[in-house]
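Hello,

Here is the structure I promised to pass on to you. Please have a look at it, and read my notes below when you have a moment.

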Amino acid sequence: MADTAQIVEHTARTFRDHLPVLQVLVPFCTAPLIVLLGSRRLAWPLAFIASAIALVISFIMLMDVREGGMLTYTMGGWAPPLGIEYRVDAANAFVLLLISLIGTVVLPFAYASFRDEIKSRDHTLMYACWMLCFTGLLGMVATGDAFNVFVFLEISSLSTYVLLAMGADRDRRALTAAYDYLIMGTIGATFFVIGLGMLYMATGTLNMADMADRIADQGMNRTVRSGFAFIIVGMGLKVAMFPLHLWLPKAYTFAPSAVTVFLSATATKAALYVVMRFTFSIYNPDFAFATNTLEIIFIPLAVIAMFSASFVAVFQTNFKRMLAYSSIAQVGYMLLGIALLTDTSLTAAILHMFNHGLTKALLFMGVGAYVLRANGSFYTQIAGLGRKMPITTGAVVIGGLSLIGVPGTAGFVSKWVLVQAALERAPENAMFLAIAVAIVLSSLLAVVYVWRAFEVLYLQEPDPNSTATEAPLMMLIPMWILAGGCIWFGFSTDLLHDTAAQAANGLLQGTKGMMVLTGQGGAH
Amino acid sequence: MSKLLDLQFLAGHAHYLLFIVLMMTGLFIVVDKTNLVKKIVGLNIFQVSVFMFYVSIGKVSGGTAPIFPMDDKYHVDKDALLGIAYSNPLPHVLILTAIVVGIATTSLGLALIVRIRESFDTIDEEDILNIEQDMTRADNQKHGNAMGGPA
């Protein structure tokens with residue numbers, strides 16, 4: 001057992017010891033509470049308080065594990081690997097912070113947006129579903145038990161389908177979008193379960209750390225390998241990895257604005273974290289087949305996604321749909337960071353997860369504000385709104401610049417680190433040089449599609465009949481918090497970069513980063 | 001030299017073969033059928049195949065149900081305890097969770113179909129696709145001139 005990270009035997013005497021489980025439990029209990037109280041006036045404050053508590057908890061945990069080490073929590077005191085364990089290290093603390101930050105910041109926006117887009121009798125249940133989705137995403141990331149990931153994945157997915165379908169008040173295509181996502185998402189989740197079953201057959205355990213340990217002991221066999229394939233395909237569907245992305249544009253386009261904001265910034269990121277955890281911690285990156293999968297499958301798919309999705313985004317006539325395609329392209333950057341398999345590249349992937357989460361949430365909030373004031377997000381409807389809604393559009397411009405990766409914004413930092421990672425590996429193979437060029441070129445495509453939006457917003461004449469006015473404060477404040485974040489993290493790069501580097505380091509240690517807790521009930 | 005068709009191997013892995021057949025049947029229905037309800041049925045078959053897979057891997061050869069043997073007074077029969085092999089109950093427990101998830105997915109899917117039927121007046125995927133294409137075309141005609149022509 002390595003001595004870099006200290007594991008204190010779990011006793012959970014103080015309040016602080018319970019943080020890993022409270023992170024998930026607080027929103028989880030809030031959802032039924034909202035339904036039981038059934039009060040439309042109380043639903044939003046409860047949801048907001050729960051999200052804020054989750055945010056504080058995730059921040060405390062991140063500060064605890066930022067320098068390395070991990071927090072563990074054993075459910076009901078049952079020692080792992082038999083009991084369910086929650087385990088938080090730098091990698092998941094970072095993703096937890098992203099999810100709870102977005103969840104908290106978006107809720108005020110959601111309040112204003114739901115009032116406009118959703119029938120008021122549905123609001124209470126909407127917030128309950130929102131909390132369940134939030135719980136599912138946090139749980140997927142916090143847990144250290146492989147089957148628990150599936151359970152939380154389904155909690156978040158089922159509530160996501162409901163949230164998506166609520167867009168039917170504005171456009172009935174939201175219903176079919178939700179149905180399509182339900183079919184594809186269920187196939188994906190079931191593939192994930194098949195993969196877990198194979199891993200369980202080979203290892204006889206469900207605890208991630210224990211699993212990693214046993215796979216490292218016994219080496220590879222066909223069961224473990226096919227399990228890997230099933231898990232990657234299943235999670236790839238949730239991540240919207242390139243050929244499995246078909247559900248995404250339609251779902252994001254027709255969902256209620258606030259739901260799109262929340263999902264685009266968190267759902268794919270949580271699934272991406274699971275891919276990372278399985279690829280690096282449970283399957284050791286030293287295993288040749290995992291490395292081959294990454295290089296032969298992930299890299300080409302990521303590059304294709306970067307170009308094709310950006311290219312499609314250029315020709316969209318709807319701002320919201322354009323951003324949805326851009327999301328697929330951005331997932332390509334993150335997958336590329338994972339597949340390059342160096343410390344730097346993984347840092348870039350984790351950084352980009354965070355930065356893209358902020359950026360896309362900001363941009364989709366802009367869309368929500370336009371939908372509120374101009375009743376739509378087609379370019380003809382938002383033409384000239386830069387003059388009528390200058391404060392909103394100002395934030396959208398910052399988001400757009402960050403999406404391109406202009407220096408001084410958060411998007412630049414992560415793309416820069418990614419290019420660096422590709423260049424680092426250039427001496428061994430010219431292919432990596434080409435990849436670095438591809439990253440820059442596809443960012444140029446982002447310039448095209450973002451510029452199109454800017455041109456429509458600022459250079460075209462507004463519709464003379466338009467009554468659009470500035471968005472309400474409930475929308476502007478969250479937007480400018482995120483816009484400030486985009487700029488702040490563009491200049492003050494150390495904090496995020498160091499944390500991401502620590503997370504990447506923990507993941508790349510592979511199995512060594514996942515020491516087994518030796519409890520009294522342990523099999524070891 | 002391995003034989004081309006190893007019957008003993010096949011017989012020993014029959015449950016996997018059945019699992020694969022069931023799984024492919026389910027997936028095929030999901031992909032092939034245009035009726036939305038039939039798709040949900042296919043999805044169910046697909047999920048059930050995975051349940052079967054889990055249940056089958058819990059089997060220990062010669063193992064019995066994981067319940068303590070009782071004597072005629074319903075006390076644990078300590079003599080019979082020795083030398084009994086039990087099947088692994090854990091996969092069964094896991095699959096209980098997955099069954100609950102499956103029910104939730106099915107009911108949500110069916111509820112969505114009801115709503116789709118209300119607003120599209122059909123549950124056939126191809127009809128819905130046609131209606132949606134018309135809607136998209138109308139959108140493009142109305143809003144396509146943002147950059148000097150429909151995109």
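Among contacts in chain A between residues at least 6 apart in sequence, what percentage join residues at least 24 apart? The answer is 80%, where two residues are in contact if their C-beta atoms, placed from the backbone, lie within 7 Å.

Some background before the rest. This is a predicted model, in which local features need pLDDT of at least 70 and side-chain atom pairs count only at pLDDT 80 or more, while totals for chains, interfaces and linings use all residues. Residues are numbered from 1 along each chain as its sequence is written, and chains are lettered from A and ligands numbered from 1 in the order in which they are written.

Chain A as a whole

Chain A has 20 helices and two strands; these are DSSP runs numbered from the N terminus, with helices being H or I of at least four residues and strands E of at least two. Its C-alpha trace spans about 75 × 60 × 40 Å along the principal axes. Of the 524 residues in chain A, 65% are buried. Buried means that 20 or more other C-beta atoms lie within 10 Å of a residue's own, all placed from the backbone.

Helix H17 (residues 410–424) of chain A should span 21 Å because its 15 residues count 1.5 Å each, with the expected span taken as 1.5 Å times one less than the number of residues. The end C-alpha atoms of H17(A) are 22 Å apart, which agrees. In H17(A), 11 of the 15 residues are buried, so this helix is largely enclosed by the rest of the structure. Among them are A:Phe412, A:Lys415 and A:Leu418. The buried residues of H17(A) pack against helices including H12 (319–340) and H13 (343–374) of chain A.

Helix H7 (residues 208–218) of chain A is also largely enclosed, because eight of its 11 residues are buried. They include A:Asp210, A:Asp213 and A:Arg214. H5, H6, helix H8 (222–239) and helix H10 (257–282) of chain A are included in what covers them. Just after H7(A), A:Gly219 takes a positive phi of about 75 degrees.

Where the chains meet

The contact takes 32 residues from chain A and 33 residues from chain B. On the side of chain A that touches chain B, H6(A) gives the largest share, 14 residues.

Best wishes

Definitions and conventions: A residue is buried if 20 or more other C-beta atoms lie within 10 Å of its own, exposed if 12 or fewer, and partly exposed in between; C-beta atoms are placed from the backbone.
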